[in-house]
Amino acid sequence: MSPKIVIVGSCMIDFTCFSPRLPKPGETIIGSNYEIKYGGKGANQCMVAAKLGASTAMIASLGSDIYAQEYLKIFKEENVDISCIRVQEDQHSGIAHITVAANGENSIVVVLGSNASLSSKHVETSAEIVKDATVLLCQFETPLETTRYALKLHKGHGLSIVNGAPAVENVDSELLSLCDIFCVNEREAEIMTGVHPLGSSNIQKAVEKLLDRGCNTVILTLGELGAAYASRENRTVTMVPAKHVQSVDSTGAGDAFLGGLAYFKAYHPGLSMNECIRRACAIATESVLKFGTHASFPTKSSLPPELFT
């Protein structure tokens, strides 16, 4: 049976150093801790859906290194279909070098590595899995031409969601019009629309600009405030509040929202958009109560049963 949720996206390995402060140019300082974590927007969103019990497949490009082998093991443990993940023999996996200061400031250098080699040809070899997906989920962390191609393949076969992250200022309107749902956070919306700073008074303006550029439905995630959405059919923004909690680590919360949204759209198609977003917000809220990304994503058994009725 074909996976219900198919993710075309990125896998990244995060190398994080914790230090008293960020070093100045040319300076070496002694840090306090060091971690290797497995991330990437595509892989994170896939892991969320899988942990909720979804049948998932990942279409991605990893490098020829020990980190790729570890990532494949992580996917297998969550029953993710990895038959469409290609290991690039002459490249390294995508990595992020992160320095986190004691005051919460950070500096990040991302090297896309093998993610940059995720091509349309790669997606073409997985065409049947893409077409059979109930939900196709993509991001902007791999080549946009590949994302566009995947959306074209999937058009007319199911629902597609694109997460416009990291933000790209001038995205081809064809790509925006090909997806059914386009989702960004506040900062990404600012970059894409020029509406800055984004606040409650101008959310409508930012969403309208995205709809004017070709989007069919826009979801704007607002952190602890929840989310806002509108569509071509109803351009008036609707706010969906989230439960207020004491966050310990918001890393990956946006990915938790998107993996949750894909799950509810695939497995509870009768739910309204408002209700799907409310439940996806609940998944994201749960994720900020623990440190890390994968470790913070909740399993179906750890969540209230009413979320799944």
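The model is predicted, and local features need pLDDT of at least 70, side-chain atom pairs count only at pLDDT 80 or more, while totals for chains, interfaces and linings use all residues. Residues are numbered from 1 along each chain as its sequence is written, and side-chain values use heavy atoms, with hydrogens and water left out.

Let's begin with the sheet of four strands. This open sheet runs in the order E3-E2-E6-E7 and has mixed pairing. Its edge strands are E3 (33-39) and E7, each pairing on one side only. Averaged over this sheet, neighbouring strands are turned by 15° against each other, direction ignored. Helices (H or I, at least four residues) and strands (E, at least two) are DSSP runs, numbered from the N terminus. Two strands pair if DSSP finds at least two bridges between them. Angles run from 0 to 180 degrees between N-to-C directions, with axes being lines fitted to C-alpha atoms, for helices over the stretch in contact.

Now follow strand E6 (residues 94-101). Seven of its eight residues are buried, so E6 is largely enclosed by the rest of the structure. Buried means under 20% relative accessible area and exposed over 50%, with partly exposed in between (1.4 Å probe, protein chains only). With E7, the pairing of E6 is antiparallel and spans six bridges; here Ile 95 has Val 111 in E7 as its bridge partner. E6 and E7 form a hairpin with four residues between them, and Gly 104 in the turn has a positive phi of about 95°.

Ile 108, Val 110 and Leu 112 make up a nonpolar surface patch with about 250 Å² of accessible area together. Patches of this kind are made of residues with over 30% relative accessible area and no salt bridge, where like charges are joined within 9 Å and nonpolar side chains (Val, Leu, Ile, Met, Phe, Trp, Tyr) within 5 Å. Accessible areas come from the Shrake-Rupley method with a 1.4 Å probe, and for residues only the protein chains shown count as cover. Leu 112 is found in the loop between strand E7 (106-111) and helix H3 (120-124), and Leu 112 is partly exposed at a relative accessible area of 37%.

The other sheet is also open, with nine strands in the order E5-E4-E1-E8-E9-E10-E11-E12-E13 and mixed pairing. Strands E5 (85-88) and E13 (238-240) stand at its edges with a single partner strand each, so one side of each is left without a neighbour in the sheet. On average, neighbouring strands of this sheet are turned by 20° against each other, direction ignored. Strand E4 (residues 56-63) pairs with E5 in the parallel sense over four bridges, and Gly 63 stands opposite Gln 88 in E5.

Thr 221 is found in E11 and is buried at 15% relative accessible area. Leaving aside neighbours within four places in sequence, its contacts (heavy atoms within 4.5 Å) include Cys 183, Glu 186 and Phe 257.

Finally, look at the charged side chains. The structure holds 11 salt bridges, each being a side-chain nitrogen of Lys or Arg within 4 Å of a carboxyl oxygen of Asp or Glu. One of them joins Asp 172 and Arg 148 (2.8 Å, N to O). Asp 172 lies in the loop between E9 and helix H6 (173-178) and Arg 148 in helix H5 (residues 144-154), so the pair ties together parts that are 24 residues apart in sequence. Asp 172 is partly exposed at 33% relative accessibility, whereas Arg 148 is buried at 11%. Both belong to a network of salt bridges that links Glu 145, Arg 148, Lys 152, Asp 172 and Glu 174.
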